[in-house]
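Please read them with the structure open beside you.

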Amino acid sequence: MRKHMLMAALLVTVLSGAAYADARTDAKEQVEFGIAVAQRGLWKEAIYRWERATQIDPNYAAAFNNLAVAYEHEGLLEKAGEAYERALKLEPNNAMVRQNFELFKEIHDRTTNQNQSQTP
Amino acid sequence: MTGPRIRISLKLLSLVFVAGAAGCASFYEIPIETPIAAKLDVSAFQRVFIAGFLAGGTDDVDGNVETVRLLRSQLRMKSNLRVVDADVLPLMDVAVNGGAQGQAAGPAADPREEPKPSSFKSEKDLEPYEHIFADADYWKKIGEEYQNPLIVTGWVLFTPHSQSGMVQREQEVIDPLGRRRVEPVREYMERKGFILQEKFVFIDGRSGAQMHSETLREERLYNQNDNTPALSSYFELMDEIIPRFLSTLSTQRVRGSRVLIK
């Protein structure tokens with residue numbers, strides 16, 4: 001009985017590991033396709049691919065980083081900020097994500113805090 | 001025999017390594033253009049009228065006329081709105097003599113004289129005249145006259161400014177061997193220049209109501225010995241302010257690059 005339980009636990013661990021690896025492989029395919037289309041200027045398609053990647057593997061920092069870049073290019077600054085923050089939460093020491101985020105913040109701050117302006 | 005063979009295999013190995021590294025690049029730099037949406041929706045307007053400004057600070061530059069002229073020419077080049085070409089409003093005179101109410105009463109027997117720009121040293125000094133921007137009847141009348149445009153008005157404060165203190169500058173030195181080098185040098189300097197502050201008020205010409213306002217500020221200091229004319233400094237400062245003014249009316253694109261990661 002004990003032997004069976006041990007076997008079952010081992011099987012669950014192996015299967016979940018395999019599922020995780022599968023998810024990462026699938027997400028990576030989407031990310032790579034997204035990069036290829038973004039390099040050709042097809043940013044909407046890239047967004048679709050990277051959104052898919054983040055759904056398949058919600059722990060994939062690169063997918064969130066790329067999605068943030070694409071949102072930025074499309075002028076969706078709030079969404080870009082959220083995606084960068086998610087990427088940094090997953091990989092706080094990733095220098096490339098951090099650099100992208102710093103550059104993004106420069107633009108974002110300029111649009112939000114630019115001088116004193118008011119609309120009645 | 002073994003020597004050259006080892007060299008060839010090392011070369012091959014490094015080539016394979018380089019090719020492998022290139023094929024497996026895990027990040028890509030990509031240029032992007034971030035659109036920054038205009039702060040104001042001006043789709044309801046076909047025309048824009050840069051009406052005039054309350055001007056203060058110095059008598060050397062006519063802040064009202066120069067600002068109107070410069071903004072009109074920039075909008076002609078960089079906006080889809082048609083720019084109304086009309087006389088510049090003497091806004092200070094209008095504000096002093098009561099705006100729409102003053103005009104309705106007809107020409108006063110003893111009109112109040114408008115103060116000189118140099119009598120306004122700060123924003124506070126202009127405050128008593130700012131009521132003109134809220135005079136919806138006056139602006140509505142102006143709007144009717146020019147086919148209901150978007151009206152731009154506000155105030156311009158162009159004030160002389162001086163500052164003294166330690167300044168770092170780069171100095172070229174030649175060492176004993178005759179080589180040129182640039183070294184940072186800190187020195188006490190008295191500098192003078194100008195501060196340009198502008199408040200832009202955007203008014204709906206159909207109703208005379210204020211839609212939006214923003215205040216921008218730039219300053220520039222020059223060496224005491226540089227005799228930079230006030231007008232030239234004014235244009236330098238306006239170069240900095242104009243892109244921010246334009247971003248209120250039209251979408252701007254900011255170019256940059258980001259890194260995509262595999």
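1. Does Ser213(B) count as buried or exposed? This is a predicted model, and in it Ser213(B) has 20 C-beta neighbours inside 10 Å. A residue is called buried if 20 or more other C-beta atoms lie within 10 Å of its own. Ser213(B) therefore counts as buried.

2. Ser213(B) belongs to strand β6 of chain B, which runs over residues 210-223. Ile203(B) is 10 residues away from Ser213(B) along the chain, and 8.9 Å separates their C-alpha atoms.

3. Strand β6(B) pairs with β5(B) in the antiparallel sense, over 13 bridges. One of the residues to look up is Lys192(B), whose bridge partner in β6(B) is Tyr222(B). The two strands β5(B) and β6(B) form a hairpin, with five residues between them. In the turn, Gly208(B) has a positive phi of about 85 degrees.

4. The largest nonpolar core has 45 residues. The members that touch the most others are Leu54(B), Leu91(B), Ile151(B) and Val152(B). Several elements of chain B each supply at least two residues of this core, including β2 (47-56), α3 (91-96), β4 (150-174) and α7 (230-249). As a general point, nonpolar side chains tend to be buried together in soluble globular proteins.

5. Setting aside neighbours within four places in sequence, Leu54(B) is in contact with Leu91(B), Met92(B), Ala95(B), Leu126(B), Tyr129(B) and Trp155(B). There is also a second, separate core of 29 residues, and among its members are Ala53(A), Ala83(A), Val97(A) and Ile261(B).

6. Helix α2(B) has 16 residues, which at 1.5 Å a residue should span 22 Å. The C-alpha atoms at its ends are 22 Å apart, which agrees. Its buried residues are Gly63(B), Asn64(B), Thr67(B), Val68(B), Leu71(B) and Leu75(B). These cover an arc of only 115 degrees around the axis, which puts them on the same side of α2(B). They pack against β2, β3 (82-83), α3, β4 and α7 of chain B.

7. Chain A contains five helices and one strand. Along the sequence the pattern is α-α-α-α-α-β. The chain has 120 residues, and 30% of them are buried. Of the contacts in chain A with a separation of 6 or more, 42% are between residues 24 or more positions apart.

8. Helix α4 of chain A (residues 77-90) can be checked in the same way. Its 14 residues should span 20 Å at 1.5 Å a residue, and its end C-alpha atoms are 20 Å apart, which agrees. Leu77(A), Ala80(A), Ala83(A), Tyr84(A) and Ala87(A) are its buried residues. Seen down the axis of α4(A), the buried residues fall within an arc of 120 degrees, so they line one face of the helix. The face turned away from that buried side carries the exposed residues Glu78(A) and Lys89(A).

9. How many residues does each chain bring to the contact between chain A and chain B? Chain B gives 25 residues and chain A gives 26 residues. On the side of chain B that touches chain A, the elements giving two or more residues are β1 (27-36), β6 and β7 (252-261). The largest share of that side, eight residues, comes from β1(B). By class, the side of chain B that touches chain A has 13 nonpolar, six polar and six charged residues.

Notes:
Residues numbered from 1 in each chain as written. Chains lettered and ligands numbered in written order. Predicted model: local features only at pLDDT ≥ 70, side-chain atom pairs only at ≥ 80, totals over all residues. Helix = DSSP H or I, 4+ residues; strand = E, 2+ residues; numbered from the N terminus. Buried ≥ 20, exposed ≤ 12 C-beta atoms within 10 Å, placed from the backbone. Core = buried A, V, L, I, M, F, W, Y, C linked by C-beta atoms within 7 Å. Contact = placed C-beta atoms within 7 Å. Nonpolar A, V, L, I, M, F, W, Y, C, P; charged D, E, K, R; others polar. Expected span 1.5 Å × (residues − 1). Arc of directions from axis to C-beta. Pairing = 2+ DSSP bridges.
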